[in-house]
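Please open the model in a viewer and keep the sequence at hand. The stops below are meant to be selected in order.

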Amino acid sequence: MDHTAHQHSTAHDHAAPSGHAGQEGHGGGSAGASWSTAAKATLHCLTGCAIGEITGMAIGTALLWGNVPTMALAIGLAFLFGYSFTLFAVFRAGLDFKTAIKVALAADTVSIAVMELVDNAIIALTPGAMDAHLDEALFWGALLGGFAVAFLVTTPLNKWMIGRGKGHAVVHAYH
């Protein structure tokens with residue numbers, strides 16, 4: 001996924017009334033980030049996480065793996081896909097591999113980690129969800145419900161981080 005969704009405004013939807021005036025929204029000043037910017041960043045991370053998580057849970061469930069290996073695969077793939085979306089976008093901006101890796105790690109690590117913690121906690125705590133099969137509503141309900149709650153929990157965190165020049169704000173310099 002690319003970051004063109006963030007290019008709708010020269011101010012990147014930050015709350016500062018005069019755009020980037022002095023980079024208040026990126027440098028940790030008082031302006032902060034808008035909820036729209038935070039939601040877009042969270043949705044970007046959630047998309048990669050969801051693809052990886054669903055793939056991992058589906059593989060583990062289909063192969064009748066236990067809960068721990070299934071969750072480990074799902075979490076690993078969530079990080080892989082989450083980072084990949086950012087890597088592809090910053091590669092297109094012309095960054096070399098080493099710099100692109102640093103940007104992806106800085107942009108997405110906290111967001112993905114929080115999403116995975118929340119999502120997997122919900123799945124693990126939903127009675128019967130880890131034992132449900134791919135053709136059962138409980139499997140999909142717990143998984144998708146976990147994504148929704150993870151989005152709601154992670155968006156304020158991303159807003160706070162972006163407003164301080166951390167997290168997804170790191171990517172803004174490359175588009």
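Predicted model: local features only at pLDDT ≥ 70, side-chain atom pairs only at ≥ 80, totals over all residues.

Residues are numbered from 1 along each chain as its sequence is written, and side-chain values use heavy atoms, with hydrogens and water left out.

**The core**

Select M57, V90, M115, I123 and L143: of the 29 residues in the largest nonpolar core, these touch the most other members. Such a core is a set of buried Ala, Val, Leu, Ile, Met, Phe, Trp, Tyr and Cys residues joined through side-chain atoms within 4.5 Å. Two or more core residues come from each of α2, α3, α4 (97-125) and α5 (137-163), and α4 gives the largest share, 8 residues. Helices are DSSP runs (H or I, at least four residues) numbered from the N terminus.

Now centre on I123, which is placed in helix α4. I123 counts as buried because its relative accessibility is 2%; buried means under 20% relative accessible area, exposed over 50%, and partly exposed in between (1.4 Å probe, protein chains only).

**The aromatic pairs**

How many aromatic pairs are there? The count comes to 3, where rings of Phe, Tyr and Trp (its six-membered ring) pair if their centres lie within 6.5 Å, and planes under 30 degrees apart count as stacked, over 60 as edge-to-face and the rest as tilted. One of them is the tilted pair of F79 and Y83, at 5.8 Å centre to centre and 50° between the planes. Both residues lie in helix α3 (residues 67-92), 4 residues apart, about one turn of the helix. Y83 is buried, at 16% relative accessibility.

Move to F139 and W140, an edge-to-face pair with centres 4.8 Å apart and planes at 80°. F139 is buried, at 5% relative accessible area, whereas W140 is partly exposed, at 31%.

**A charge over a ring**

Select K159 and W35. The charged end of K159 sits over the ring of W35, 5.1 Å from its centre; the rule asks for NZ of Lys or CZ of Arg within 6 Å of the ring centre and within 35 degrees of the ring normal.

**The surface**

Finally, select I59, in helix α2 (residues 35-62). I59 counts as partly exposed because its relative accessibility is 34%.
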